[in-house]
Amino acid sequence: MTVSALTKAKGFKKSKTGTYLSIGTTAFGAIGVLKQAKKARFEHDTLRLVDAVVSAAAIATGIALLYRELKRLGDDDVLLG
């Protein structure tokens, strides 16, 4: 990768579009966590269920951080308030 391409990639990460994409991919990870929790409950596997709960908390925190980043970028989207 060239220096220019790296600069563009870093810029995209801090853009509104990049932040929305990050929120989407983070939320998509929640599907796997829900499946894990459902399987753990079915199998009565407490350790796996705890892992799913911790993972869900990490996803929620990640989305909250990304939401805060959107606010910092000055997004005036109606949905964000």
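Is His 44 buried or exposed? His 44 is exposed, with a relative accessible area of 71%; exposed means over 50%, buried under 20%, and partly exposed in between, using a 1.4 Å probe and protein chains only. The model is predicted: local features need pLDDT of at least 70, side-chain atom pairs count only at pLDDT 80 or more, and totals for chains, interfaces and linings use all residues. Residues are numbered from 1 along each chain as its sequence is written, and side-chain values use heavy atoms, with hydrogens and water left out.

**Fold and surface**

- The protein has three helices and zero strands. Both are DSSP runs numbered from the N terminus: helices are H or I with at least four residues, strands are E with at least two.
- The order along the sequence is α-α-α.
- Of the 81 residues in the protein, 16% are buried.
- The protein exposes about 6,200 Å². Carbon and sulfur atoms supply 68% of that area. Accessible areas come from the Shrake-Rupley method with a 1.4 Å probe, and for residues only the protein chains shown count as cover.
- Contact means heavy atoms within 4.5 Å. Among contacts between residues at least 6 apart in sequence, 58% join residues at least 24 apart.

**Confidence**

- The average pLDDT is 83, and 74% of the residues score at least 70. This score is the predictor's confidence in each residue, from 0 to 100.
- Confidence is highest in H3, at a mean of 95, and lowest in helix H1 (residues 3-13), at 52.
- Over residues 2-6 the pLDDT is below 50. That stretch has one contact in the model beyond near neighbours in sequence.
- Where pLDDT is low, the predicted coordinates should not be read in detail.

- Thr 19 lies in helix H2. At 2% relative accessibility, Thr 19 is buried.
- The Thr 19 side chain reaches the backbone oxygen of Ser 15 at 2.8 Å. This is a polar contact: a pair of N or O atoms within 3.5 Å, where, within protein, one must be able to donate a hydrogen and the other to accept it, and residues adjacent in sequence count only if both atoms are side-chain atoms.
- Gly 18 is also found in helix H2. Gly 18 is buried, with a relative accessible area of 3%.
- Gly 18 and Leu 70 are 52 residues apart along the chain, and their C-alpha atoms are separated by 9.9 Å.

**The H2–H3 loop**

- His 44 sits in the loop between helix H2 (16-43) and H3.
- His 44 is not a glycine, yet its phi is positive, about 55 degrees. Most residues other than glycine have a negative phi.
- Asp 45 makes a polar contact at the start of H3: one of its side-chain oxygens reaches to within 3.4 Å of the backbone nitrogen of Leu 47.

**Salt bridges**

- A search of the whole structure finds two salt bridges. The criterion is a side-chain nitrogen of Lys or Arg within 4 Å of a carboxyl oxygen of Asp or Glu.
- Arg 48 pairs with Glu 43, with the closest N and O atoms 3.9 Å apart.
- Arg 48 also pairs with Asp 45, with the closest N and O atoms 3.6 Å apart.
- A network of salt bridges therefore links Glu 43, Asp 45 and Arg 48.
- The three residues are partly exposed: Arg 48 has a relative accessible area of 32%, Glu 43 is at 40%, and Asp 45 is at 26%.

**Helix H3**

- H3 has 27 residues and should span 39 Å at 1.5 Å a residue. The expected span is 1.5 Å times one less than the number of residues. Its end C-alpha atoms are 39 Å apart, which agrees.
- The buried residues of H3 are Ala 52, Ile 59, Gly 62, Leu 66 and Leu 70. They pack against H2.
- An α-helix has 3.6 residues a turn, so residues three or four places apart point the same way.
- Ser 55 is found in helix H3 (residues 46-72). Ser 55 is partly exposed, with a relative accessible area of 23%.
- Ser 55 and Gly 32 are 23 residues apart in sequence and 9.8 Å apart in space, C-alpha to C-alpha.
- Just after H3, Gly 74 takes a positive phi of about 75 degrees.
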